[in-house]
Amino acid sequence: MYIHIGEDLNIRAEDIISILDKESANQSPLVNEFLNKQSEKVINLSKNPYKSVIITNDKVYLSPIASGTLKKRSNQMSIHEF
């Protein structure tokens, strides 16, 4: 299944490693270090300040969609798979 993460981009749910809200990402030194090391793989999908960070195997997305909304979308996908 695919999840819409912003700006007409859908990614496979199984490719998502983690979804973090902006506040958690900014407060964690480990996440900041990770994002700095992965800077060439970071894709900013937000025209305004981003609301969540989506980590996949290949890329890191800065999404304009809140992490709670993305979680709801992934839960809805899981229900529809059965």
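Colleague: Where is the place of Glu7?

Modeller: In this predicted model, Glu7 is found in the loop that lies between E1 and E2. Asp8 lies in that loop between E1 and E2 as well.

Colleague: How should I read the phi angles there, and what is phi of Glu7 near?

Modeller: Most residues other than glycine have a negative phi. Glu7 is not a glycine, yet its phi is positive, near 50°. Asp8, also not a glycine, has a positive phi of about 60°.

Colleague: Is Asp8 buried or exposed, and what of Glu7?

Modeller: Exposed means over 50% relative accessible area, so Asp8, at 75%, counts as exposed. Glu7 has a relative accessible area of 43% and is therefore partly exposed.

Colleague: Which residues make up the largest nonpolar core?

Modeller: The general idea is that in soluble globular proteins, nonpolar side chains tend to be buried together. Here the largest nonpolar core has 9 residues: Ile3, Ile5, Ile11, Ile16, Leu45, Ile54, Tyr61, Ile65 and Leu70. Apart from this core lies another, of 8 residues, among them Ala25, Val31, Val60 and Leu62.

Colleague: Which residues is Ile5 in contact with, leaving aside its neighbours within four places in sequence?

Modeller: With those neighbours left aside, the contacts of Ile5 are Ile11, Leu45, Ile54, Tyr61, Ser63, Pro64, Ile65 and Leu70.

Colleague: Ser63 is in that list. Is Ser63 buried or exposed?

Modeller: The cut-off for buried is under 20% relative accessible area; Ser63 is at 0%, so it counts as buried. Its place is in strand E6 (residues 60-63).

Colleague: What does the side chain of Ser63 reach?

Modeller: The side chain of Ser63 reaches the backbone oxygen of Ile5, at 2.5 Å. Beyond neighbours within four places in sequence, the contacts of Ser63 include Ile5, Ser46, Tyr50, Ile54 and Leu70.

Colleague: Tyr50 has a ring. What sits over the ring of Tyr50?

Modeller: The charged end of Lys22 does, 5.1 Å from the ring centre.

Colleague: How many aromatic pairs does the count come to?

Modeller: Rings pair if their centres lie within 6.5 Å, and by this rule the count is 0 aromatic pairs.

Notes
Residues numbered from 1 in each chain as written. Predicted model: local features only at pLDDT ≥ 70, side-chain atom pairs only at ≥ 80, totals over all residues. Heavy atoms only, no water. Phe/Tyr/Trp six-rings, centres within 6.5 Å; stacked < 30°, edge-to-face > 60°. Lys NZ or Arg CZ within 6 Å of the ring centre and 35° of its normal. Core = buried A, V, L, I, M, F, W, Y, C linked by side-chain atoms within 4.5 Å. Buried < 20%, exposed > 50% of the residue type's maximum accessible area, 1.4 Å probe, protein only. Contact = heavy atoms within 4.5 Å. Helix = DSSP H or I, 4+ residues; strand = E, 2+ residues; numbered from the N terminus. Polar contact = N/O pair within 3.5 Å; in protein donor to acceptor, adjacent residues only side chain to side chain.
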